[in-house]
Amino acid sequence: NAILVKEYLKKFELSKKNKLKYELTCAHIDRLQFQYDSCLMHMENVLPVIAGKRERKARIHFILGQLYQLKGVDSLAYFHYNKARKNNPPYELFFFAKLYMNQVANLNKKTGVKKTMKYYNKLLKDKKNVEYKDKIYYEMGLFEYKQKHIPQALAYFNTSLWEGMNNKYQSATTYLKEAEIYYDDLKDFKTSKFYYDSAFKNWDSKDYRYPEIKEKQKILTEFVKYYEIYHREDSLLKISNYDSLTLRNHILSVVEKEKQDEEKLRLIAEAR
């Protein structure tokens, strides 16, 4: 019904006030259907007709920044985040506009990387950002991951989890990112399963990605079970041919490996 009304109203010459409402509503409909190209077009049409508080303009520019970032057009995303920052928004909007500007900034030069890390550390020291520390550490993790610094990225993600124990949304997002890294980059399916478990437990069941995460967690749980059986059976076949000395050395190495695995799981539990 909304789409029919949308098409019907397109035929009329609307006043500036009604044009604003029309474009915003059309953008909202498109966003709900994940039609981001059309959503972007309507949000661009809002800018010429918007009036009033600068805070409202800041919100529009911020949304445009998010849409362009989603499409991978970093230069335009940076432009709109910067516009949002300059339109005197509330502190929370200002904070996230600045934070996301760093995501889409050109980081080809070493000086740009140093400047960004200096900026993140400055944010962490600012007392106004105490409640945003989990988000800042998460962004630092993304920044390191973008540069293929996986161990450092995981360290920042774990710090984000520690800082954001009361922020279920951010924790779920961080757990999912770590699960994906262990799965896609490190091929460590067992550890990935632990993070998928946590992401699934914390994820909003009404969110559109919930069924996808639930399915991945279910498949991975089953896969890890058979993966471990396969490796156990394979190991038993190999050691059946060992002499007593080789077998003893093998057992000692297995015991050491299990100790390391237990420590790894302890650290994951601590991060949770």
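I took helices as DSSP runs of H or I with at least four residues, numbered from the N terminus. This is a predicted model, in which local features need pLDDT of at least 70 and side-chain atom pairs pLDDT 80 or more, while totals for chains, interfaces and linings use all residues. Residues are numbered from 1 along each chain as its sequence is written, and side-chain values use heavy atoms, without hydrogens and water.

Entry: second largest pocket. I counted as a pocket an open set of points on a 1 Å grid over the protein atoms alone, where a 1.4 Å probe fits, with protein on both sides within 12 Å along at least five of seven lines; lining residues have an atom within 4 Å of a point. H11 (189-202), H12 (210-239) and H13 (244-271) each supply at least two lining residues here, and H13 gives the most, with 10 residues.

Entry: largest pocket. I noted a volume of about 1,900 Å³, meaning the space filled by probe spheres set on grid points joined across faces, edges and corners. Of its 47 lining residues, the closest to the centre are Gln66, Leu70, Tyr100, Tyr169 and Tyr208.

Entry: cysteines. I found zero disulfides, a disulfide being a pair of cysteine sulfur atoms within 2.5 Å.
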